[in-house]
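Please examine the sequence and the structure before reading on.

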Amino acid sequence: MDPEPAAPEARRPLILVVEDEPQVMRVLRAALPGHGYRVAEATSGGQALVEAATRTPDLVLLDLGLPDLDGVEVTRRLREWSRVPVIVISAREQENDKIQALDAGADDYITKPFATGELLARIRVALRNAARAAPDGESTFETGELRVDLGAQRVFVAGEEVRLTRTEYRLLAALVRQAGRVVTHRQLLQEVWGPGAIDQAHYVRIYMGQLRHKLERDPARPRYLLTETGVGYRLKED
Amino acid sequence: MRSEDQDPAPLRRATVRAYAAAIATVVACTLVCRAMVGRFDHASLIMVYLAGVSVVAMRGGRGPSALAAALAVAAFDFFFVPPHLTFAVADTQFLVTFAVMLAVGLIIATLAVRVREQAEAAERIRTEAERERLRHTLLSSVSHDLRTPLAAITGAASALLREGVLAEETRRDLLETISEESQRLNHLVTNLLDMTRMESGPLRLGREWLPVEEVVGSALVRMEPRLPAARVETSLPDDLPLVSVDAVLVEQLLVNLLENAVKYAGPEARVRVRARREPAAVLVEIQDDGPGLPPGDEERVFEKFYRGPSHQRGFGLGLAICRAIVTAHGGRIWAENAAPRGAVIRFTLPVEGAPRAATPGEGTDRDGP
């Protein structure tokens, strides 16, 4: 799944790590190249914006607790001109910043302390989603026993077709288009119910419950439609 | 005890009440003496008054006690010393009686007030000692429980640094130790910070309406590595109402309870998670098949730094955090031993009103694609 370690230096994805804590930077600097990534470094929000503009990284790994700009602001400014995938690194107390950063356009998050394996998985998903030319309306998504045919708008579990209501399908499709990535309650409300429903988070939760009852073997222990508590949902990939 | 800058109005009311009680007590004593007079001598009547003064002294302060003593002498003189119903005294030896009665009354009052003040001081010292004991327990448990994983990590890391002499299997073992112990450390620090946060003031809840199934589900998924699906039985009826809770905190609550079940009932424990609708709440219970709680400890398990009889590792904060979370939501949490074995912890989450639109409409396009 990692890029070929033997790939020529210049073709390896470049990750801009924005982190002001030297210990964390040290670990990332050691871990990422071993998995086929090049690393650029920034220790402040201002420097991050400059580096992002001059070195055009393939992905930005952004700590939310920076000395100058806060991570949410960095995300917002970055999004004014760039589609580069952003993964925010948050501490446990930064629950709110994390959600704000996601709503401001960050692609995913990871909470400190994290295992390298988890971080690498997030990076792979973000890079792959960015590489997909456009949100595809044609393709088929598969994970475990779940198959979603986005072209024909049909859903199967273990080969059996499952009948979904229009809203259930739109909710599922929204997650499929972001498969593997966290999608916030707000983003789902906006996409499925429209801007008028932004403060009705329980809509999403009720329909997610219904979807789980139709698609999951045990709705109280979901395998596909995972809850990111306090943030949103994530459709699990294989 | 009370500082002078307290709101003066209630303080003044309390003082007025104490003086009124002093007067009422003397009136009551007089009525008792009226009933006794004839059959009992004067000495007995004086005893009744002194008893009344003692009662006032035990409840009120110095002022009301002194008033009671003086009134007692006056009432005794007025009603029971000839000539009756005047303050005149026929026999001058009664003047000595009055003086002694007043003196004894005042002494009793002084002693009683002092005893009460000493009791209050002792209580204050006890509370402070308790706080000091908690602080001490916290410190010793922090230093012990944080040092143990740190020692393991330091040991394993320094062994790895002297590379070359280690077999691959040993290397892996040491690396696993570092990984596991740092996770434990993270867990301990998280619990400690949570507890501190919860004690530093009322918890701010980010309440949202959500199905119980969702939060139970996310807790079970988080616990999956330590508590595989095969060992959990869930029973969540379909008619459970939405609850208005802080999702992050309630997930934490459930994870703590599940962790606790695994910790005390052993790695092979079977756990049952059930929920049901009560008149004004949703009741959730988590039951294990372990040895159960030591009888009599059902309430103590929720205290800070409580650890079970097997001296498990950890601060003993897990259930105290659970109680803080449930209380902040206006619910109740309690523990019992289950039949035939195991412990069961139940908690309630109150259900008040429903979200503005409980069931968002599908519009006209039902049963779409």
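B:Glu123 and B:Arg126 lie together in helix H4 (residues 93–161) of chain B, 3 residues apart, or about one turn of the helix; helices (H or I, at least four residues) and strands (E, at least two) are DSSP runs, numbered from the N terminus. This is a predicted model, in which local features need pLDDT of at least 70 and side-chain atom pairs count only at pLDDT 80 or more, whereas totals for chains, interfaces and linings use all residues. Residues are numbered from 1 along each chain as its sequence is written, chains are lettered from A and ligands numbered from 1 in the order in which they are written, and side-chain values use heavy atoms, with hydrogens and water left out.

Side chains of opposite charge can pair when their charged atoms come close. B:Glu123 forms a salt bridge with B:Arg126, with the closest N and O atoms 3.5 Å apart; the term denotes a side-chain nitrogen of Lys or Arg within 4 Å of a carboxyl oxygen of Asp or Glu. B:Glu123 is partly exposed, with a relative accessible area of 42%. Here buried means under 20% relative accessible area, exposed over 50%, and partly exposed in between (1.4 Å probe, protein chains only).

Over all chains, the structure holds 34 salt bridges. In chain A, one joins A:Glu168 to A:Lys214, with the closest N and O atoms 2.8 Å apart. A:Glu168 belongs to helix H6 (residues 166–177) of chain A and A:Lys214 to helix H8 (residues 201–215) of chain A, so this pair ties together parts that are 46 residues apart in sequence. A:Glu168 counts as buried because its relative accessibility is 2%, while A:Lys214, at 33%, counts as partly exposed.

A:Asp107 and A:Arg79 form another salt bridge, in which the closest N and O atoms are 2.9 Å apart. Both A:Asp107 and A:Arg79 are buried.

How many residues does each chain bring to the contact between chain B and chain A? Chain B provides 39 residues and chain A provides 33, contact meaning heavy atoms within 4.5 Å. Together the two chains bury about 2,900 Å², 49% of it on carbon and sulfur atoms; buried area is the accessible area (1.4 Å probe) that two parts lose on being put together, summed over both.

Across this interface there are 4 salt bridges. One pair in a salt bridge is A:Arg221 and B:Glu224, at 2.6 Å from N to O.
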